Amino acid sequence: MKWLLVLYMLILSFAGCGSEGNSHTHVNPVTYRVASAEEASAFLSRATFGATREEIDDLVSGGDYEAWLEAQFAKAPTYHVAWAHAHAKGVGRVPDLSLHREDWKTYSDALGDLQRDAWWDIAVYGEDQLRQRVAFALSEVLVISRNGPLLTYPDARMSYYDVLVKNAFGNFETLLREVTYHPAMGRYLSYLGNAKADPSVGSHPDENYAREVMQLFTIGLYELNMDGTYKTIGGRRIATYTQDDIREMARVFTGLSDDNGHFETEACFDSYHARTSPMAAFETYHDTGEKRILHARKIIPAGGDTKTDINTALHLLFEHPNTAPFISRQLIQRLVTSNPSPAYVERVARVFADNGRGVRGDLKAVVKAILLDEEALHGKENDPEHFGKFREPMLYITHLWRAFHAQNAENNLTQGDDVLYRYKSFNFHGTGMMKQEGPLEALTVFNYFAPDDAPAALKKRNLAAPELELYGKQGIDDVLMGLITKNGFVYRTFHITAALQFEQEKELVHSKKHDALLDRLDLILTGGNLSQNTRSAIKRYMQNHSGLSDENLTRLTIGLVMTSPDYALQR
């Protein structure tokens, strides 16, 4: 199936039949009971890295989405740095990574691959699926990246990701504070070693984080209503901040450097501790003057120390009326649907503002509100022309490996000719074939795609489809089909060790039970969304290629389902 044709069909499917705008209707009353296996599969596609048959059956058996969420909230977090220290066993004269942590710097090139290996392993095998899925969503809002000044610091990147994992069900203000003090963010957005202005040499504080903490991490560019729509005056949007605000905020973020005992940017990041511990305050370099931010309406008094000023500024951004709808809408987009109705955004934003017990920013309550909302559970039926989101390339692969219980294998981690560590992994480092989408590998702080991105055909209908910006001309079907069919080129290129398990599917092929196989794949992969046209086309393919081996035909059938528009559009 040619990707351009698929993409065309996909756009037509997503955009609907000539409707304009984003008018949503809601018919069915909300219910937390699991109505069907297909509905359970669709729910798991939002709340995990991809449904498995066993998880679908368990959710149906339990019968209650809320109970499933509470069970996930109770699971212990799986941390990436801890995974690395537990799994990277030294080879030859190289000690285990857990015993010699300064080797994070010595072997930083190789350990960048370890970071990827840890992410894939946890995404596929992790028991705390909901926490990991939310952490991934947060990593696309509070962005740092391997691409840039963090290239040779995998321990800093993994430690930062663990902050997202730790706080995925915590309070957003706590998360924002820990993100701000993390040295990975400090180095990525260049405020680590940011000193107050020095008139004698004409220097000024770096404005990078001051801008992005407002534009991307909290309040956005324009004032919002609680439902995420723009406030206007005379038909014009109202800016949330000005360049003066950026300059004033830059003065706030002065005086931080990594915890190595001295405030020297050139000597930073010289130990594992300094790269993974919160930044320290160096008061000599902090601007203690009065700061006026947010159109000078909010004042940070003179005389404050570094952390007092920073925490005050972060609290003002956290309390800003924009933060609830701005963050809520993006989390809805990452988990459920690219075009949430204003009513959906407002319902979630109000939970962000108050979890029902007077607490603002409770992410556990926000995640629950997102996944149990009427629009999430019934959007496909109530508003089929707008509901859904395109799957990101990484989520295709996590689902493939989870659905078919991919088995990893022992691999050696090498740097040059030196074999360093040995551990089990999928050994998949092929982000280049996924348009550079990898764990913490966005090309800029603006993520792999912006929340309102879409091809021109969809923008004309006022629809967002951010993930389509990653698909490109060929989509991801080359690498995906290579993984499914165990194509020699793809496996040799990436040295992949992911062995799919599909004995039940192969038995159905052997018995020529084509409908039964398609029923099974439809349930696990598309949540019951496989259209009759797609189903008929795949069935004809199976009938016309009965001479293939059972294994090859099984693999190709799985591939046809996963490269179909019915799978690409998660609903």
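This is a predicted model: local features need pLDDT of at least 70, side-chain atom pairs count only at pLDDT 80 or more; totals for chains, interfaces and linings use all residues.

Trainee: Where is helix 20, and how many of its residues are buried?

Mentor: Helix 20 covers residues 393-403. It is mostly covered, with 11 of its 11 residues buried. Among them are Pro393, Tyr396, Trp401 and Arg402.

Trainee: Back to phi. Which residue has a positive phi of about 60° although it is not a glycine?

Mentor: That is His295. His295 sits in the loop between strand 6 (291-293) and strand 7 (298-300).

Trainee: How exposed is His295?

Mentor: His295 is partly exposed, because its relative accessible area is 28%. Buried would need under 20%.

Trainee: What about Asn447, what is its phi?

Mentor: Asn447 is not a glycine, yet its phi is positive, about 75°. The loop holding Asn447 runs between strand 10 (418-425) and helix 21 (456-459).

Trainee: And is Asn447 buried or exposed?

Mentor: Asn447 counts as buried, because its relative accessibility is 9%.

Trainee: New topic: charges. How many salt bridges does the structure hold?

Mentor: The structure holds 32 salt bridges. Take Arg251 and Glu248 as one example: their closest N and O atoms are 3.1 Å apart.

Trainee: Where do Arg251 and Glu248 lie?

Mentor: Both are in helix 13 (residues 243-252). They are 3 residues apart, about one turn of the helix.

Trainee: Why does that spacing matter for direction?

Mentor: An α-helix has 3.6 residues a turn, so residues three or four places apart point the same way.

Trainee: Are Arg251 and Glu248 buried or exposed?

Mentor: Arg251 is buried, and Glu248 is buried too.

Trainee: Which salt bridge links distant parts of the chain?

Mentor: Look at Asp515 and Lys539, whose side chains meet in a salt bridge at 3.1 Å, N to O. Asp515 is in helix 25, and Lys539 is in helix 26 (residues 532-544). The two residues are 24 residues apart.

Trainee: How exposed are those two?

Mentor: Asp515 is partly exposed, with a relative accessible area of 36%. Lys539 is partly exposed as well, at 26%.

Trainee: What does Lys89 pair with?

Mentor: Lys89 forms a salt bridge with Asp96. Their closest N and O atoms are 3.9 Å apart. Lys89 counts as partly exposed, because its relative accessibility is 38%.

Trainee: Which residues are linked in a network of salt bridges?

Mentor: Glu140, Arg334, Lys389, Glu392 and Glu467 are linked that way.

Trainee: Now Asp522. Where does it lie?

Mentor: Asp522 is in helix 25, which spans residues 514-526.

Trainee: How far is Asp522 from the nearest side chain of opposite charge?

Mentor: That side chain is Arg535, and it is 4.3 Å away. Asp522 has no salt bridge, although it is buried. The cut-off explains it: a salt bridge needs the nitrogen and oxygen within 4 Å.

Trainee: What does the side chain of Asp522 make a polar contact with?

Mentor: The partner is the side chain of Thr526, at 2.3 Å.

Trainee: Which residues does Asp522 touch, not counting those up to four places away in sequence?

Mentor: Asp522 touches Gly527, Gly528, Asn529, Leu530 and Arg535.

Trainee: Jump to Arg116. Is it buried or exposed?

Mentor: Arg116 counts as buried, because it has 9% relative accessibility. Arg116 is in helix 7 (residues 108-125). A polar atom of the Arg116 side chain lies 3.4 Å from the backbone oxygen of His429.

Trainee: Let's zoom out. How many helices and strands are there?

Mentor: The protein chain has 28 helices and 11 strands. Its C-alpha atoms fill a box of roughly 80 × 70 × 40 Å along the principal axes.

Trainee: What radius of gyration does the chain have?

Mentor: The chain has 24 Å. A compact globule of 571 residues would be near 25 Å, so the value agrees.

Trainee: How much of the chain is buried?

Mentor: Buried residues make up 58% of the 571 residues. The accessible surface comes to about 22,000 Å². Carbon and sulfur atoms hold 50% of that surface.

Trainee: Last one: what share of the contacts joins residues 24 or more positions apart?

Mentor: That share is 73% of the contacts with a separation of 6 or more.

Notes. Residues are numbered from 1 along each chain as its sequence is written. Side-chain values use heavy atoms; hydrogens and water are left out. Helices (H or I, at least four residues) and strands (E, at least two) are DSSP runs, numbered from the N terminus. Buried means under 20% relative accessible area, exposed over 50%, partly exposed in between (1.4 Å probe, protein chains only). Lys and Arg count as positive and Asp and Glu as negative; His and the chain ends are not counted. A polar contact is a pair of N or O atoms within 3.5 Å; within protein, one must be able to donate a hydrogen and the other to accept it, and residues adjacent in sequence count only if both atoms are side-chain atoms. Contact means heavy atoms within 4.5 Å. The radius of gyration is taken over C-alpha atoms; the globule rule is 2.2 Å times the number of residues to the power 0.38. Accessible areas come from the Shrake-Rupley method with a 1.4 Å probe; for residues, only the protein chains shown count as cover.
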